[in-house]
Amino acid sequence: MKLKNKTAVVTGAGGGIGAEICRAFVAEGVSVAVTDVRLDAAQKVADEITQSNGRAAAWTFDVADSSAVEAAAEKIESQLGPIDIWVNNAGVSYITPFLDCTEDLWDLTQRVNLKGTFVGCQVALRRMVPRKTGLILNMSSQSGKQGNSHYAAYCASKFGIIGLTQSIAVEFAGEGIRANALCPGVVFTPLWDDMIEDYARKRNLKPEEVRPYMEGKIPLGRLCTPQDVAKAAVFLASDDASYITGQAINISGGSIME
Ligand SMILES: NC(=O)c1ccc[n+]([C@@H]2O[C@H](COP(=O)([O-])OP(=O)(O)OC[C@H]3O[C@@H](n4cnc5c(N)ncnc54)[C@H](O)[C@@H]3O)[C@@H](O)[C@H]2O)c1
């Protein structure tokens, strides 16, 4: 096991990529705090893990509410032990023509994706720095390296996450802490449920043409899966990646990004 006896917090883990990261961590010996703004969803994932003899518990908080995150972290540490790994995964995503992007939509996207990551990093680092050890993973995206039409708010938030990750990686390297960002390509999770039609409209496609269209642009010929992302998360959290910090790792099937 690569992560035996570690404790991790994963945000936005009530489904999709976050839930899969929890499962992969537990398989490597981690005790996981499955957290989400939707308690029922987090509880379902935690129950599934504990029923298969893994160590997990569910918590609910809004990632952008610093006092709620701080309070949860305190309780998580008293129940599961000192937090070794913190994954800022929670996110929201909307496809909207730029001139129709309201201030509310802009604010919501930056609040959850960027401020939520900032808050998670601060709460984690306040605990990790005195212990001189810790690992932070921030969920960016292919859209954190490439701008795209109808996607300005999301791209801005994900570009911001890479800047934030690089900055804390440099600032805290001397404290024994690593920080990296993950940049997956498209993963068909619940995040896409409401976006397929908007994407089809933007590309003049029928909704059923979206998947083959996207797959046709990827050199490896398939979309990214939650498991692809979870494997990268395990690697980056492990000692196998002990010399890797401040990076934004592409998980993109060969789509080239800087
Ligand atoms: N699906 C993709 O194509 C894709 C690609 C690249 C990056 N990502 C990123 O991966 C992460 C996970 O996405 P996913 O595809 O699993 O989506 P998802 O919608 O399945 O999961 C996101 C989770 O975040 C939670 N959440 C939303 N707002 C929150 C808040 N304020 N506080 C706490 N939790 C909150 C949701 O309840 C949900 O469970 C996101 O950051 C997303 O931007 C997704």
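This is a predicted model: local features need pLDDT of at least 70, side-chain atom pairs count only at pLDDT 80 or more; totals for chains, interfaces and linings use all residues.
**Helix packing**

Two packed helices are described by the angle between their axes and the distance between the axes. The table gives these values for each pair.

| Helix pair | Axes come within | Crossing angle |
|---|---|---|
| α1 (residues 16-27) and α8 (residues 226-237) | 8 Å | roughly 50° |
| α4 (residues 103-131) and α5 (residues 152-172) | 8 Å | roughly 15° |
| α1 and α2 (residues 39-51) | 11 Å | roughly 20° |

With axes that cross at roughly 50°, α1 and α8 are therefore oblique to each other, and their crossing is right-handed. On the α1 side the contact is formed by Gly16, Ile17, Glu20, Ile21, Ala24 and Phe25, which meet Pro226, Gln227, Val229, Ala230, Ala233, Val234 and Ala237 of α8. By class, the residues of this contact divide into 10 nonpolar, 2 polar and 1 charged.

Helix α1 also packs against α2, where the axes come within 11 Å and cross at roughly 20°, so that α1 is roughly parallel to α2. This crossing, too, is a right-handed one. Here Ala19, Cys22, Arg23 and Val26 of α1 make the contact with Val45, Glu48 and Ile49 of α2, and the residues involved comprise 5 nonpolar, no polar and 2 charged.

For α4 and α5, the crossing angle is roughly 15°, which makes α4 roughly parallel to α5. The crossing of α4 and α5 is right-handed. From α4, the residues in contact are Trp106, Thr109, Gln110, Asn113, Leu114, Thr117, Phe118, Cys121, Leu125 and Val129, and they meet Ala152, Ala153, Tyr154, Ala156, Ser157, Lys158, Gly160, Ile161, Leu164, Ile168 and Phe172 in α5. Sorted by class, this contact has 14 nonpolar, 6 polar and 1 charged residues.

**Surroundings of the ligand**

The ligand is surrounded by 26 residues, of which Ile17, Asp36, Asn89, Tyr154 and Thr189 are the closest. Two of these names return from the helix contacts: Ile17 belongs to the α1 side of the contact with α8, and Tyr154 to the α5 side of the contact with α4.

A polar backbone atom of Ile17 lies 2.8 Å from an oxygen atom of the ligand, whereas in Tyr154 it is an N or O atom of the side chain that lies 2.5 Å from a ligand oxygen atom. A nitrogen atom of the ligand, in turn, is 3.0 Å from a polar backbone atom of Val63.

Key. Residues are numbered from 1 along each chain as its sequence is written. Side-chain values use heavy atoms; hydrogens and water are left out. Axes are lines fitted to C-alpha atoms, for helices over the stretch in contact, and angles run from 0 to 180 degrees between N-to-C directions. Helices (H or I, at least four residues) and strands (E, at least two) are DSSP runs, numbered from the N terminus. Angles under 35 degrees count as roughly parallel, over 145 as roughly antiparallel, 65 to 115 as roughly perpendicular and the rest as oblique. A crossing is left-handed if the near helix is turned anticlockwise from the far one by less than a right angle, and right-handed if clockwise. Contact means heavy atoms within 4.5 Å. Ala, Val, Leu, Ile, Met, Phe, Trp, Tyr, Cys and Pro count as nonpolar, Asp, Glu, Lys and Arg as charged, and the others, Gly among them, as polar. A residue is near a molecule or strand if one of its heavy atoms lies within 4 Å of it. A polar contact is a pair of N or O atoms within 3.5 Å; within protein, one must be able to donate a hydrogen and the other to accept it, and residues adjacent in sequence count only if both atoms are side-chain atoms.
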